[in-house]
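Me: I have a model open and would like to understand the terms used to describe it. Could you go through them with me?

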Amino acid sequence: MSVYRAEYIWIDGSKPTPKLRSKAKVVPIGEAPPVWGFDGSSTNQAPGANSDCVLNPVFVCPDPVRGGENKLVMTEVLLTDMTPHPTNTRAANAAMAKKYATDDTWFGIEQEYTFFDGSRPLGFPDNGFPPPQGGYYCGVGADEVFGRDVVEAHLDACIKAGLRIAGINGEVMPGQWEFQIGPIGAPAIGDQMWLARWLLYRVAEDFGVSATLYPKPVRGDWNGAGAHTNFSTKAMRSSYEACVAAAEALKPRHDLHIKNYGYAIEERLTGLHETASYKEYSYGVSNRGASVRIPWQVARDKKGYIEDRRPNANCDPYVVTRLIIETVCGAAEKRRPTLLKAKRPVKAKAKAKKSAA
Ligand code: ADP
Ligand code: MN
Ligand code: MN
Ligand code: MN
C-alpha cells in the first residue's frame, strides 16, 4: 500500500503565549487526512484524567520539508463532543468572517521575528553588543546580515507549500527578519500565518538556529518585533472615506485591541523605535510613529487599505483579525444608510403586533 506522511500542526494551551505542536500520521495515498487526536494533558489543554483532544484539519498543503506526496495539515483543536476547545481561537474568527462576509475583508500580515543562537540574537557577539542600529534594515554583507540562508530556505518552503507569501526583508535589529502573508481573507490568513510560523521553526531547526516571536527580545535601543496587520474591506478598496472611517472606528476600541494584540505589548509599544505608545491611539498618512498608518499610495489613489501597526509579533492572527473585522465592519454596518435599515424594524414591528394579537 502506498502511503504519505501527514504532519498535523496545532496550537497548544501554553500561557501567556501559545506554542505550536505537531506530530505525523501515515495515511494511504488517495485518502484525505482524517480527524485525529492527541494527549491534551501534555499541552496545557486537558486534565490527565480526561486528556483526549481532537485535531480537526482546516488547511492542507504540500509538505516542503519531507517533499513527495507528504502533506502539512493545519488543524483546530476540538473537544470530544466536536465543539471548539477553549484554546481554539479560530472558531470565533471563522464565525465573525462569516457574519461580515459581504464586506470581503482581506489581510496582509508582516511577521517580524528574531533568530537566536543559544541565548544571544544571531549576529550578537558573545560579549557586549554589535554596532548600533542603522545599517541592518534590508542590508547586505556579512557584517550586517545574519541568517540569510535560513530565511531563503523558509521562503522556498512557503512557496512550495503554496502559501500566499508576499515577501521577506531584513529588519532594523541584526538577526531580525520579516515575512509577509497576504492579502487573503479570514480565517485563511490565520491558518497560513500559523503554518508559516511552524515552517520557520522547522526550517531553522535544520540550521541549528531558533526563531522567537518575542516582541522585545533585546531591551534598550533595539527595535522590537511586530506583526503589522494591513487590511481592507470591499468598501475601502474603492473609497478613501471608507479607509479613514476604518481608522476612526479603531479609536474607541483601542484598549480592547491592545489587550488582545500579544503578551508584553507595553514593552514594545513605547513610542520609540517606529511605534506609538500603547497608551493612546493615533493614525496618519505615511506615519510610522502612529498606531495606524495610511500608506501614501492610498492617500494618492483615494482607495486601498490601512496598516494596524500595533499587533505584536507574538499575537494570535485569529484574534487580531477577528477583532479588526468586528470593530471595522461593525462600525460600517452602523453607518449604513437608514433607508436599508428602516425596512427591517417596520416589518418586525408588524410581525410583533400580529403575534401579540
Ligand atoms: P511595509 O511598507 O509596512 O513594510 P509590507 O510591504 O511589508 O509593508 O507589507 C504590506 C502588506 O500589505 C503585504 O502583506 C500585502 O499583501 C498587504 N496588502 C496589500 N494590499 C492590501 C489590501 N488591499 N488589503 C490588505 N492587505 C494588503
Ligand atoms: Mn514590512
Ligand atoms: Mn517590518
Ligand atoms: Mn509595516
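Reply: Happy to; here is how some of its descriptions follow from their definitions. This is a predicted model, where local features need pLDDT of at least 70, side-chain atom pairs count only at pLDDT 80 or more, and totals for chains, interfaces and linings use all residues. Residues are numbered from 1 along each chain as its sequence is written, chains are lettered from A and ligands numbered from 1 in the order in which they are written, and side-chain values use heavy atoms, with hydrogens and water left out.

Me: Which residues of α4 and α8 meet?

Reply: With contact meaning heavy atoms within 4.5 Å, A245, A246, A249 and L250 in α4 meet T327, V328, A331 and R335 in α8. By class, that contact has six nonpolar, one polar and one charged residues.

Me: What makes the approach of E110 to ligand 1 a polar contact?

Reply: A polar contact is a pair of N or O atoms within 3.5 Å; within protein, one must be able to donate a hydrogen and the other to accept it, and residues adjacent in sequence count only if both atoms are side-chain atoms. A polar side-chain atom of E110 lies 3.1 Å from an oxygen atom of ligand 1, so the pair falls within that limit. For Q180 the distance to a ligand 1 oxygen is 3.3 Å.

How values were computed. Helix = DSSP H or I, 4+ residues; strand = E, 2+ residues; numbered from the N terminus. Nonpolar A, V, L, I, M, F, W, Y, C, P; charged D, E, K, R; others polar.
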